[in-house]
Amino acid sequence: MDPLLVAGIGFALMLGLIALHVPIGIAMGFVGVTGFGLVVGWGPALSLLATEPAATLTNLNLAVIPLFMLMGNLAAAAGLANDVYNIAHAFIGHRKGGLATATILGCGGFGAVCGSGVATTATFGRVALPEMLERNYKPSLATGSIAAGGTLGIIVPPSTIIVLYAILTEQFVVELFTAALIPAILGVVLYIAAVRGTMMIDPDAGAEIEKLPMKERFAALRKGWGVVVLSVVVLGGIYSGIFTVNEAAAVGVVVAFLFLVARHGFNVKELTDVLVQASATTAMIYIMVFGATIFSYFMAITDAPSIIVNGIAALDLPPMGVIMALLVLYIFLGAFFDEVAAMIITLPFVIPVVQHLGFDLVWWGIINVIVIEIGMITPPIGINVMVLNAMRRDITLQTIYKGIMPFFLADMVRLAILVAFPVLTLWLPKVLL
Amino acid sequence: MYRQLRGLTEKLVHVMALVGFLGLLLLALMVTLDILLRFFFGTPLQGVNDISAVVMAVVIAACIPKCLMMKQNISIEVLGGVLGARANRFLSVFASLAVLLFFVLMVWEFVPFARDTTASGEKTWVLGWPVGPWWWAATVMMGAAVLAQFIVTVEDIRALITGQTPQGPGPAMDSDAVL
């Protein structure tokens, strides 16, 4: 049978299984084993069910994910998110829309110790939302700033999804972390501009509040040293070359653990909850990676990725046109899949194409993460919006999506800038590494 | 009898996840100690990477049963939402059976893999620890994952028959939820 047809049937079957509620990792694994079995033989195909998971379980690069996951959960439990928000609140909260801006800055700061967008959203939903509503902020601006700010958790290093992309595409994690810095800062700046824009259009969206005395401002700054220490230890250690990424993640876990114990005492129940939650989410990622690696094996033997690359090369399309088409494809897929799933499913096909067109995979990784960020706040599967709606049932989805709009526009501007000027992403790794 | 089995399984997978991540915490402490010793005294701990490689496999394998029990799989459940409650329950049963079959096959393949690794006498590079026993431990954890998924599947079948919400496990998750 034509290998491209085999790959096409396999891909369609995988989509079918996913549509029938089969978890994505399992669907990819089943199709991978079946396809490999049909082409090569059932013995080698079934053995993939042990060899690939075993290779994944002993992959020390991947071990960064559970460590960062645990660090983020410990940091959130220790109240470090409150600290970073309180600092931003103390210095700029009194301005019109200042609490929303403080939320954006707080999310960006907390992102430096927590690699999860949803964890950041849920944490700031608890920390910032009640205060904004109490201070007569409109629910749309309050929730919009938190949902959008929460997406910064996956672009500000260390980020779990960047690690996942780096491993699946065999890129250098530190290079991706470095490349993410300017896009992350751009994201914060544009989100703050979105808050300002909202305030210009609707001056009643965020009320002015009293300015804190200088003494209280510096008290907040002093109290917030924990998050600074943790982010400096982890990111400073990585960028200065003192630690490897794995070592930085391990040290980050220990420092976050010490903060938790110092602040809350040795609370067994709290620690148990943190460990169990982090373990379940870690397993979720690993199951997906098991499936993705088995599926990639199947795709490799069909040779479909290189056939697709040759096909696209024969069309002689302008490279940027292909990139634009891929971005449209991801936005289209985002209506049916969540974007992380879309990225992982399409990596075996898309990466060879991007590479063949001469684009840098580090740049593409950052673009991919930004597309995922956009997906986290856009319907129908805007997970950050869902999280906030679940936390505050009295605020409707429509209200939150209305509040998202200025931030969505900011994201589109950022995506356009970064696609048009890859140098913004690639300059820093070139200079620093 | 079944209720007892379910209760025991829930406790077992909870303890396994807890012990697994406590192991990860200890691993992090060991790595930190290694860095401190290396930095201040120039005497790193021997074999940290050896320990990380073998322990990590068991740590992650220990977390999988809890993930399955909590139904924290990454899945897209749009179709069930569109087709209605009964179709949704039917699709849940189908998905649970698929997960169960996948893990049964995985354990089926992990047994000879662990046996072959043990027979080969493979050892870690620096400490010379035998690798085989760690893979047997990981295989046992995968076996617990099969048990956990069996319970989830029975609950889903029961929900399909009775029309009630399955007990115990939480809702399936979107992959962004992790990231």
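These are some notes on how the two chains of this predicted model meet and on a few residues worth a look.

1. **Ground rules.** In this predicted model, local features need pLDDT of at least 70 and side-chain atom pairs count only at pLDDT 80 or more, while totals for chains, interfaces and linings use all residues. Residues are numbered from 1 along each chain as its sequence is written, chains are lettered from A and ligands numbered from 1 in the order in which they are written, and side-chain values use heavy atoms, with hydrogens and water left out.

2. **The interface.** Start with where the chains touch: 66 residues of chain A and 59 residues of chain B are in contact (heavy atoms within 4.5 Å). The buried area comes to about 5500 Å², with 80% of that from carbon and sulfur atoms; buried area here is the accessible area (1.4 Å probe) that two parts lose on being put together, summed over both. On the chain A side, His21(A), Leu57(A) and Met284(A) lose the most area to chain B, together 14% of what that side buries.

3. You'll find it between the side chains of Arg38(B) and Glu247(A), at 2.9 Å from N to O. Helix H15 (residues 268-302) of chain A gives the most to the side that touches chain B, namely 16 residues; helices (H or I, at least four residues) are DSSP runs, numbered from the N terminus. By class, that side of chain A has 50 nonpolar, 13 polar and three charged residues, with Ala, Val, Leu, Ile, Met, Phe, Trp, Tyr, Cys and Pro counted as nonpolar, Asp, Glu, Lys and Arg as charged, and the others, Gly among them, as polar.

4. **The core.** The largest nonpolar core has 215 residues, and Leu70(A), Trp364(A), Phe103(B) and Met142(B) touch the most other members. H15(A) supplies the largest share of this core, 18 residues. Such a core is a set of buried Ala, Val, Leu, Ile, Met, Phe, Trp, Tyr and Cys residues joined through side-chain atoms within 4.5 Å; buried means under 20% relative accessible area, exposed over 50%, and partly exposed in between (1.4 Å probe, protein chains only). Not counting residues up to four places away in sequence, Met142(B) touches residues including Leu57(A), Phe290(A) and Phe103(B).

5. Leu260(A) lies in helix H14 (residues 245-264) of chain A and is buried, at 3% relative accessible area. Beyond its neighbours within four places in sequence, Leu260(A) contacts Leu74(A), Ala77(A), Ala78(A), Gly265(A), Glu270(A) and Leu271(A). Over in helix H4 (residues 85-120) of chain B sits Thr117(B), which counts as buried at 6%.

6. **Backbone spots to check.** The peptide bond from Pro157(A) to Pro158(A) is cis, with omega near 0°, and Pro158(A) is in the loop between helix H9 (139-151) and helix H10 (160-168) of chain A. Glu170(A), in the loop between H10 and helix H11 (173-201), has a positive phi near 55° without being a glycine, and is exposed at 72% relative accessible area. Lys71(B) also has a positive phi, about 55°; Lys71(B) lies in the loop between helix H2 (48-69) and helix H3 (78-83) of chain B and counts as buried at 16%.

Technical notes: Salt bridge = Lys/Arg side-chain N within 4 Å of Asp/Glu carboxyl O. Helix = DSSP H or I, 4+ residues; strand = E, 2+ residues; numbered from the N terminus.
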